[in-house]
Amino acid sequence: MKFHLITFLLYLTSQLLFAQATAPIIPAPTTSSPGDGFFHLTESTPIFYSSTLLKEEAHYLQKELLRKHQLPLALTASKPQKDKSILLKLDTEIDESYQLLVSDSEIKISSSNEEGLFYGIISLIQLVDQSKLSPKEILIPAWEIKDAPMYQWRGFMLDESRHFFGTEKVKSLLDWMAYYKLNKFHWHLTDAQGWRIEILKYPKLALVGGIGNNTTPYAPAQFYTQEQIKEIVRYANERNIEVIPEIDMPGHATAANKAYPEFSGGGSEKYPEFTFNPGKEETYQYLTDILKEVNALFPSQMVHLGGDEVSFGNQQWSSLPEVNQLMHTNNLLSLKEVEDYFMKRMADSLFMLNNKILAWDEMAETGLPTENSILLWWRHDKPQQFATLLENDIPTVICPRIPFYFDFVQQESDQYGRKWGGNFNPLERVYSFETNAFDIPSGKEKLILGVQANLWTETVTNTDRLDYLIFPRIAALAETAWTETEQKNFKDFEVRIKKHFDLYEKASLYFFDPFEPHRH
Ligand code: TNX
């Protein structure tokens, strides 16, 4: 009995200590210990950067402090005479990670590289956001923070085919991704309901394929021009985010086929003109020309080619003489083998452009070369698929529908939005996801690149709905991707996330509050 009491008291003390020792930062840093006193941030605090390599990061901090807190700080490349400055420093001693030191005399961020330094800046901005006493009074409590991400792939996918949201909303999403240290923006730009990227060689893709969306089939064409794409990619890059476009094939191609029906491989009753024609050589030329333009727009050197749900609409393939010819010539015995042939041909086009191929988990057994491929496991109801990916040594991003599909609502009582067979994705379920709960054979851990959430937008008809589904789950996703599992604690997260609700309100986000669900 006595023993239990002591254990309980020890537990309680550790919980209290733990709660106090986590800096108000999301995702929670690896270690944070409070110091004494405060740093008094004023408009005369200079930002000093120790290398020209850091000028862009320094400028980002300057812009954010001005935008959010009306503090016009000066940048300087020469060491300030007085203390009381913010110091950004490249430090060869520290790898990947960053250190952030706040004391009463200075703020110092050091890392061995620009990415680490950027994340140190983000942590500082989060501390500043929580330290404001009055418009001109920012007292940042002293902290010593050491931090590094658990996963290199911390992704978010947005589907703009089913509904289109436009540059401003995408930029704001990128701002929030950066705020939560997410670093991969997977951009689902083509699908049955709309083609959203301008292709100069095939202008009808955007002009005709861009017509309509999931609610209004004849809505005027909406798409991104190549100039807008470049602007968004640049914006993402400033925030240490790589943009990976998805050009879905050979299925989900209805919009493209509206524009250029000569490359259609037909569809099914439910999904008409759903596929590209894998039997025509011209199809490969056409799609390769598209990929050449895509490649020139996205420095990530990765393109996601989809490969999902082809069986929804490949029923007509077997009646196409050219597909039969292809099967005969190449000794392909099933439609799945035709699909694999198609994907390998398109993978070759990407490799020719020195790009990696990404695709959904349907491609786990296609035999794509493991050094140039990344597959995304999405079918939570097919754990075998995940096992096959690892067996085949394929680098994998984890994004199972439960809990990472953000088109599923956050609470059961929601009347509108997705809930399949009683499945929905509350904040805590996103937060509590543990990759190490899977049975990962030893030696295969490195194949797990990270985690990602996907927002499909069939039911997302406007930007309020977008906010309602993304916030605050994006923060839970970030902590799941960044913070070591043993260190996560939902109660502690709850304290930190609630403080972000004020920021959401300030930014006029129509977010979901799981702790007070009747807010809206
Ligand atoms: C499956 S996930 C799809 C999407 C849908 C989504 C709806 C995947 C690779 N394909 O086309 O939008 O389900 O949740």
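Which hand does the crossing of α2 and α3 have, left or right? The crossing of α2 and α3 is right-handed. Here, a crossing counts as right-handed if the near helix is turned clockwise from the far one by less than a right angle, and left-handed if anticlockwise.

Welcome to this structure, which is a predicted model: local features need pLDDT of at least 70, side-chain atom pairs count only at pLDDT 80 or more, and totals for chains, interfaces and linings use all residues. Residues are numbered from 1 along each chain as its sequence is written. Helices (H or I, at least four residues) and strands (E, at least two) are DSSP runs, numbered from the N terminus.

## Helix pairs

Two packed helices are described by the angle between their axes and the distance between the axes. The axes are lines fitted to C-alpha atoms, for helices over the stretch in contact, and angles run from 0 to 180 degrees between N-to-C directions.

| Helix pair | Angle | Axis distance |
|---|---|---|
| α2 (residues 55–69) and α3 (residues 114–129) | about 15° | 10 Å |
| α8 (residues 281–297) and α10 (residues 335–352) | roughly 35° | within 10 Å |
| α4 and α6 (residues 226–238) | roughly 15° | within 10 Å |

Let us start with α2 and α3, which pack at an angle of about 15°. On the α2 side the contact is made by E57, Y60, L61, E64, L65, K68 and H69, and on the α3 side by E114, L117, F118, I121, I125, V128 and D129. Two residues are in contact if their C-beta atoms, placed from the backbone, lie within 7 Å. By class, this contact of α2 with α3 has 8 nonpolar, 1 polar and 5 charged residues. In this scheme Ala, Val, Leu, Ile, Met, Phe, Trp, Tyr, Cys and Pro count as nonpolar, Asp, Glu, Lys and Arg as charged, and the others, Gly among them, as polar.

Next come α8 and α10, whose crossing is right-handed. Y284, L287, T288 and L291 of α8 meet R345, M346, S349 and L350 of α10. That contact of α8 with α10 divides into 5 nonpolar, 2 polar and 1 charged residues.

As for α4 and α6, the two are therefore roughly parallel to each other, given their crossing angle. Their crossing is right-handed. From α4, the residues T167, V170, K171 and L174 meet Q228, E231, I232, Y235 and A236 of α6. The contact of α4 with α6 holds 5 nonpolar, 2 polar and 2 charged residues.

## The ligand and the annotated domain

Around the ligand stand D308, E309, W360, W378, Y405, D407, W456 and E458; a residue counts as near a molecule if its C-beta atom, placed from the backbone, lies within 6 Å of it. This shell divides into 4 nonpolar, no polar and 4 charged residues.

An unreviewed UniProt entry places the feature "domain: Glycoside hydrolase family 20 catalytic" at residues 151–484. UniProt positions are given in the numbering used here, feature names are shortened, and annotations may be inferred rather than shown by experiment. Over residues 151–484 the chain is 35% helix and 16% strand, and the end C-alpha atoms are 9 Å apart.

## Backbone details

Most residues other than glycine have a negative phi, and most peptide bonds are trans. I26 and P27 are joined by a cis peptide bond, with omega about -5°, and P27 sits in the loop between α1 (2–21) and β1 (31–41). Another cis peptide bond joins I402 and P403, with omega about 10°; P403 lies in helix α12 (residues 401–404). K181, although not a glycine, has a positive phi of about 60°, and K181 is found in the loop between α4 (167–179) and β10 (184–188).

Terms used
Parallel < 35°, antiparallel > 145°, perpendicular 65-115°, else oblique.
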